Amino acid sequence: TLPSSCGYEKGAIKMSDLRLSALFSDHLVLQRERDNPIWGWDRPGQRLTLRVLGVAGSELRQAVAAADGSFTLSCPALPAGGPYEIEIMGSQTVTVRDVFSGEVWLASGQSNMEWPVGATRDAEQAIERANLPALRQIKIPRRASRIPERDADARWEVCTPRTVAEFSAVAHFFATELHQRLNLPIGIIDATWGGTSVDAWVSTDALSEVDASVPTRLAELDAQARDLPRIREAYLERLSAWERASFPADPPNLGFARGYANLDFNDRDWRVLELPALWQRHGMQFNGVVWFRRELELPSGSEHDLWLELGAIDDFDHTYFNGTLIGSHPDKTPNAFQLKRRYRVPRALIRPGKNVIAVRVFDHFGEGGFVGPRQAMFIEAAQGASERISLAGPWRICVEHEIPLVSGEIFASWPQAPLALAPESAPGTLFNGMLSPLFPYGIRGAIWYQGESDADRHATYAAHFRAFIRDLRRHFAQDPLWFLFVQLAGFRASGTWPMLREAQASALSEPCAGMVTAIDIGEARDIHPRNKREVGSRLARLARAKVYGEPTLEAEGPTFEHMQVEAARVTLHFSHAKGLRSRTPGAPRGFEVAAADGIFHEASARIHGDEVSLECAAVPEPVAVRYAWHDDPDATLENEAALPALPFRAQLAVTRA
């Protein structure tokens, strides 16, 4: 069987002309200081030649297409910078333009790595400053596959205010700091999929080495696929029942009956809120329903419909124009909080002069409102050239229904989908569909943010995570390949996140690995904290210190080393502890001790240089200690670089003084 991506046609085996992998589109970034493989497909036996244009003395590289049409050429190492042009000659000639040589990193994981710049706290500032022509990203589309794929439908994008809103935010802030500090082009390969398990990102061969259940799970997937309609119906019934029991339903639409959507409604008594905004960040600590109204002046004689764009809304909406519903994403719309709202306004509804947009937003969990960025909120003609009218700014708001905030602990009972309905979580499927097309692209390393979906599988996560790191290195065939990852942020979840963080930290035993924690910058009721700039910056500091040779740069938080016990006092010793302090006034918080009964009690802590002493009147003979050992801990220890201490737990298996 010929690979689907090679360009063959069934029947007489007709070949397409020369075609490169999509990774080698215009604007690509190649890894500096090495030869880089460039691959594609042409006619079997076709001789191919690669040359770099405009580089004096650049040698030609040649290859011959194999029987299946595939070939790999070696591009000679290019001096850092650019732009270059690369010409590949075969059955035809293909020229790849605007090529830079610099540092290339893979950014992978689930939704917190996937989260776009446009939905972050610093979106407007990041977009305004995004004129960075030597910084590029390529987004690998979501694809779950049972067989290794060889290509992906993707292309490189230059970082500009027009493109950056869709870039991975963590990766963008990481790349921006490296670009500014190293003065080098930076390329990011974004291969992410929210809500996925680490198992999906590991090849089945590598995962089988640490998990004997893999063949059984794959056989289960095949069996389910043969009975998919029944399985889907049964799961949707279970999921619907869980949602009804766990989340509040959208209350009756009282606001519409009161005229909130009407053009002539008097909203002068309503509060004013600057949009985009999430209302919980403006003193409104509840879920429920909030109405938003905005007046706008439009010229007379409109000849076209309008497009109304509001960006993503968290969670559900009904949107009206001059009292008429023009679009909605109602309660139970899957992943509504991520979906951009784009509604057509029929010209029959448009009046010269005053018009009114009214949006009823129902938020059933976490935060609610308009995600942003400002540039995503506008109205413009559906056809023809016209000025785009921004809708960011002051809107009037009114609360229709208040519902108490829903805790993230409800997800402990969430019914996991059968593998056939969520193939993106089956062993190896994202390795095959999203990582396999990348091998063996030249990269410096990988940044990784994942684990939320595996919190309830923390007992096996450590082995699976280390298998993933080794597998990635084996397939990129690079030594060393740096692997830097994020330990989970604070979030009120199921109670298992401390153990998952511990499993993540176990990967530090792998060579050329580093970890940053986001435990202090999470959001208790939102699994997607919006401060992605700090996460990216911490990863960049780690790369600068470990990968790019800034040994005096402190890039890690205080890390527990060992302890001593004298009577009722425990003394903890830390590395990376210069300037040890509490990030809030007073003594550091987050420490607990336990006696032989295993019941932990809060301990009072004092800092002495690079040590912390603990005492607790309720525990006169401590035998165990832990720090930041909660899903969303109140833990405040940090060093002078403002990097938080890593969570830990330990038995006091040391001699008493």
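Which residue of strand 23 is the bridge partner of Ala446? In this predicted model, local features require pLDDT of at least 70 and side-chain atom pairs count only at pLDDT 80 or more, whereas totals for chains, interfaces and linings use all residues. Residues are numbered from 1 along each chain as its sequence is written, and side-chain values use heavy atoms, with hydrogens and water left out.

The bridge partner of Ala446 is Phe483. Strand 22 (residues 445–449) pairs with strand 23 in the parallel sense over four bridges; strands (E, at least two residues) and helices (H or I, at least four) are DSSP runs numbered from the N terminus, and pairing requires at least two DSSP bridges between two strands. Between strands 22 and 23 the chain passes through helix 9 (residues 458–476) in a right-handed β-α-β crossover, that is, the path from the first strand over the helix to the second runs clockwise with the strands pointing away from the viewer.

Strand 23 also runs parallel to strand 24 (residues 513–517), joined by five bridges, and Phe485 has Met515 as its bridge partner in strand 24.

Six of the six residues of strand 23 (residues 482–487) are buried, so the strand is largely enclosed by the rest of the structure; buried denotes under 20% relative accessible area, exposed over 50% and partly exposed in between (1.4 Å probe, protein chains only). Trp482, Leu484 and Val486 point one way, and Phe483, Phe485 and Gln487 the other.

Ser145, in the loop between strand 9 (132–139) and strand 10 (156–159), counts as buried at 7% relative accessibility.
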